[in-house]
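Visitor: I would like a close look at one part of this chain, and then an account of how the rest is put together. Please keep it plain.

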Amino acid sequence: MFGRSRSWVGGGHGKAARSIHSLDHLKMSSGQTQFPEAMPRSWLQYMYHVLTKNTTVTDHNRNLLVETIRSITEILIWGDQNDSSVFDFFLEKNMFVFFLNILRQKSGRYVCVQLLQTLNILFENISHETSLYYLLSNNYVNSIIVHKFDFSDEEIMAYYISFLKTLSLKLNNHTVHFFYNEHTNDFALYTEAIKFFNHPESMVRIAVRTITLNVYKVDNQPMLHYIRDKTAVPYFSNLVWFIGSHVIELDNCVQTDEEHRNRGKLSDLVAEHLDHLHYLNDILIINCEFLNDVLTDHLLNRLFLPLYVYSLVNQDKGGERPKISLQVSLYLLSQVFLIIHYAPLVNSLAEVILNGDLSVFSSKVEQDVQKNSAKSSIRCFIKPTETLERSLEINKQKGKKRVQKRPNYKNVGEEDEEERGSEDNQDDLDKTKGTETSSKSIRTSSENEEIEMVIMERCKLSELPISTVTEQNTTDEEKSAAASGNEITNWNRPFLDMVYNALDCAEDDYYALFVLCLLYAMSHNKGIDPVKLERIQLPAQHAEERNSYNHVLAEGLIRIMNYAAQPDGKIRLATLELGCLLLKQLVFSRNNSIIKDVHLACLEGAREESVHLLRRFYKGEEIFLDMFEDEYRSMTIKPMNVEYLMMDASILLPPTGTPLTGIDFVKRLPCGDVERTRRAIRVFFMLRSLSLHLQDEPETQLPLTREGDLIKADDVLDLNNSDLIACTVITKDGGQVQRFLAVDIYQMSLVEPDVARLGWGVVKFAGLLQDMQVTGVEDDSRALNIIIHKPASSPHSKPFPILQATFIFSDHIRCIIAKQRLAKGRIQARRMKMQRIAVLLDLPVQPSTEIMGFGHSSSATAQHLPFRFYDQSRRGSSDPTVQRSVFASVDKVPGFAVAQCINQHNPSPLSSPSPSGGSGSTGRCDSVAASSASAPSAAQSPSVRSGRKGRRRVFSLSEADSHGGHWV
């Protein structure tokens, strides 16, 4: 509906689209020749003469008048930038009145659309304040604003609301006086805009929100007091009712869409609710105190408490009060705490959830309050007695003749209520110490009692029967008992009890996920007073040091982890990850774990269960290793983001186990053996990480491949006595380079000789053997096709080849040797990683019969491990045995030496820390092997060179390995 008008004729067909508010669009659309820049005033005089001769719009002069208005707009924009005398003539001849007269003649949609469009362009492009003051003078703009357009026409509606938004962007302390008349109490720009707050077109609603925010940002006290006294209560009450009605529609969609058939509609409804919350938060952020008080009162007493909170414990749909389902209520409250951080609002809401009871909603309490106070708070989700448009008319100055309703889309199909005797006795709000009170007296036909809206006292709920925990002189055990509500029998907290009970995931985690999101959002809300959270021992994000925590909540979280580790567990990965985050936050104080031994033992039991669960899926096939590394990579790269999780409407629907719904894997149950394997791997990773974190132990065995341990491009290596195969590499784009192929335990590398030193080489490419595919070329026995894929960032992403080339060797013998080495190297690299996974799962490690085609001696045991990853961190970089050749000769295989040393000198190498740097050393066993073979090698100083074009590493070959190497 915001597209270009069909009747906007002119040139420019086939060219790139321009903004409808740009000057280029105006020039392009005009059918007339551009006026001479030397005579703009004369041209404007001619336009004025055309207007005076055509004061009445007819079918014959309609196009002429439209083009004349366009030309005048173009001249005014040019005059604003070049010649101020143009505006002098415009004001002298009072030319704006012609625009208004054309509108008042009911000349049809064509003229209205073109006039609103050109006015939009005019105000959008005016840059000087003086020119703007000229246009806004004489109140003609306000007359256009209140003109009775036909808003059933979408195009007129679009340009009209866009025109209002453009004007609101020009508001400041100076220009606001052109729109707000303090003497007549009239603010047409604001009052006319908010009448469209519930327009069915979303773009119109967004424009209305923008206009209101631009108005609230203007620091003009008389104008803001007018908004508070005359429009705040009607607008906010109708807005709250509109949001609540939208929420009930969302709940109905959830209740009727258990088969996931209307997820598109549900996503739109959730997105609309998020827009509402962000709009409310934007109003609160402006920090206009009395407006915030009115809005806070309406949100709490008319929406959040009576609809969201009340539905937490009352699921009986037959009652008088409207209700929503439990999962929707928890979901929406989580969004509220994630988005809104206004302290009086979130503190009052958190107080009811954590410490309140149902008496806040009982009529008896409200009657008792009425006896003690002339002001009563209505905590009920009810429809306003008057529509917004009618309320604005009633609130006009007393004694002023009632203005006839404007023809609006809201009047169509809406039952006209009979005019009831009403009076506007709304007094100015008296600002007291921390309390603002707004009242509107409405007399209905059936009741004579006054219903007054009460603005809540800041930072607390008034008249709320809430018991508090005595913070002083209590032990940690007493605090924990009080937080669980077991010690004080008279303490009735149904909302908090619901939170604890929903953590029971014996059947599924449908409600538990929302409860965890709610607790996370409350603990990370910057506006909530940490004292309120400490009452249930839920620490805030930056809480002070403490030595106790909520045992009931901790046990509930640990039970979730136990259920997740069961073979038939119905816990989704998102629930488990969020539970781990909350448990870390709960039992950590100033980076120190205060978890009790009994809870740690239960957690260790859950971790053991996850190990047993993963053992069931451990396979010697290649796919398990790929899934293991992919899941670890995905979990590390994309940790849980609760804000994004609560924007996903799919979690509102019952948990499903089919991928056909398109729901992300972590937000649904697994389907098939492959997904069950992935889930078991993730559960193992999460519980292992949590266990190590709580015990303050570093991770030494994951990931299986560490970037710091790998050879990288531009590393400089000592290649003396290493097995190298010369080859020609033909890349996919046709380029040819001469390289030497070298095979390490985990990698294959392409190197070229270092011109600065004989026997050394510079790495030009290095890739993992496990990600390599080698195939022969049919018509050439000397060539191999080699493809190495980059590790995928997610299991569903398409593999991306980092190397795809043809390798041509000198003869077929060398080609066969290279193919065998690459194939065996790939098998052995994957076998070693599978052995490391087996160690993580406490499985017996099968002894490897060969490494790179050479068998082990009988003394080799099942604990053979790759030399690159273990025991390096225990040795300093000054150890001369750290630098060595990674491409050892065939009769001095590094893996063989490491296996022998580990068996002889380190019976339990699996628990040794993994290296943190990229030294490429082989560990303590290398030094033992080297020193036992040759004494001078230990005293030999390492060969180290500075790198070029990046980090370069050097591995010197000891004298003990100087024999047996050869070039191929």
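Visitor: Where is the place of N139, between which two helices?

Guide: N139 is in the loop between α7 (129-136) and α8 (140-145). The model is predicted, and that applies to every value that follows. The backbone of N139 has a positive phi of about 65°, although N139 is not a glycine. Its relative accessibility is 42%, so N139 counts as partly exposed, the range for that class running between 20% and 50%.

D696 is not a glycine either, and its phi is positive at about 55°. This residue is found in the loop between α28 and β5. With 71% relative accessibility, D696 counts as exposed. The loop between α28 (672-694) and β5 (716-718) also holds P703. The peptide bond that joins L702 to P703 is cis, with omega about -5°.

Among contacts between residues at least 6 apart in sequence, 72% join residues at least 24 apart.

Several helices can be described in more detail. Helix α3 (residues 62-82) has 21 residues, which at 1.5 Å a residue should span 30 Å; the end C-alpha atoms are 30 Å apart, in agreement. The helix is mostly covered, with 16 of its 21 residues buried. R70 makes a polar contact of 3.0 Å, side chain to side chain, with Q114. Q114 lies in helix α6 (residues 109-125) and is buried, with a relative accessible area of 2%.

Helix α9 (residues 154-168) passes the length check too: its 15 residues should span 21 Å at 1.5 Å a residue, and its end C-alpha atoms are 21 Å apart. Of those 15 residues, 13 are buried, so α9 is largely enclosed by the rest of the structure. At the start of α9, a side-chain oxygen of D153 comes to within 2.9 Å of the backbone nitrogen of E155.

α9 also takes part in ring packing. The structure holds 24 aromatic pairs. One of them is Y160 with F196: the ring centres are 6.3 Å apart and the planes stand at 70°, so the pair is edge-to-face. Y160 lies in α9 and F196 in the loop between α10 (188-194) and α11 (202-216), so the pair ties together parts that are 36 residues apart in sequence. Y160 counts as buried, at 0% relative accessibility, and F196 counts as buried at 0% as well.

What lies at the centre of the contacts in the largest nonpolar core? Of its 219 residues, Y308 and F628 touch the most other members. Helix α12 (residues 221-255) gives the most to this core, with 15 residues. Apart from it lies another core of 24 residues, including V743, L750, F807 and M832. Leaving aside neighbours within four places in sequence, F628 contacts L614, I681, F684, F685, L702, L704, I837 and L840. L702 in that list is the residue joined to P703 by the cis peptide bond. F628 is also part of one aromatic cluster with Y618, F624, Y632, F684 and F685.

The strands can be followed from β6 onward. Strand β6 (residues 725-731) pairs in the antiparallel sense with strand β7 (residues 736-743), over 6 bridges. The two form a hairpin with 4 residues between them, and G734 in the turn has a positive phi of about 100°. Within this pairing, I725 stands opposite L741 in β7. β7 in turn runs antiparallel to strand β8 (residues 747-753), joined by 4 bridges. β7 and β8 form a hairpin as well, with 3 residues between them. V743 stands opposite M748 in β8.

Not counting residues up to four places away in sequence, F809 is in contact with I725, A726, C727, L741, R782, L784, R814, C815 and A818. The C-alpha atoms of F809 and R782 are separated by 5.4 Å, though the residues are 27 apart along the chain. F809 is buried, with a relative accessible area of 1%, whereas N139 is partly exposed.

Conventions: Residues are numbered from 1 along each chain as its sequence is written. This is a predicted model: local features need pLDDT of at least 70, side-chain atom pairs count only at pLDDT 80 or more; totals for chains, interfaces and linings use all residues. Side-chain values use heavy atoms; hydrogens and water are left out. The expected span of a helix is 1.5 Å times one less than its number of residues. Buried means under 20% relative accessible area, exposed over 50%, partly exposed in between (1.4 Å probe, protein chains only). A polar contact is a pair of N or O atoms within 3.5 Å; within protein, one must be able to donate a hydrogen and the other to accept it, and residues adjacent in sequence count only if both atoms are side-chain atoms. A nonpolar core is a set of buried Ala, Val, Leu, Ile, Met, Phe, Trp, Tyr and Cys residues joined through side-chain atoms within 4.5 Å. Contact means heavy atoms within 4.5 Å. Two strands pair if DSSP finds at least two bridges between them. Rings of Phe, Tyr and Trp (its six-membered ring) pair if their centres lie within 6.5 Å; planes under 30 degrees apart count as stacked, over 60 as edge-to-face and the rest as tilted.
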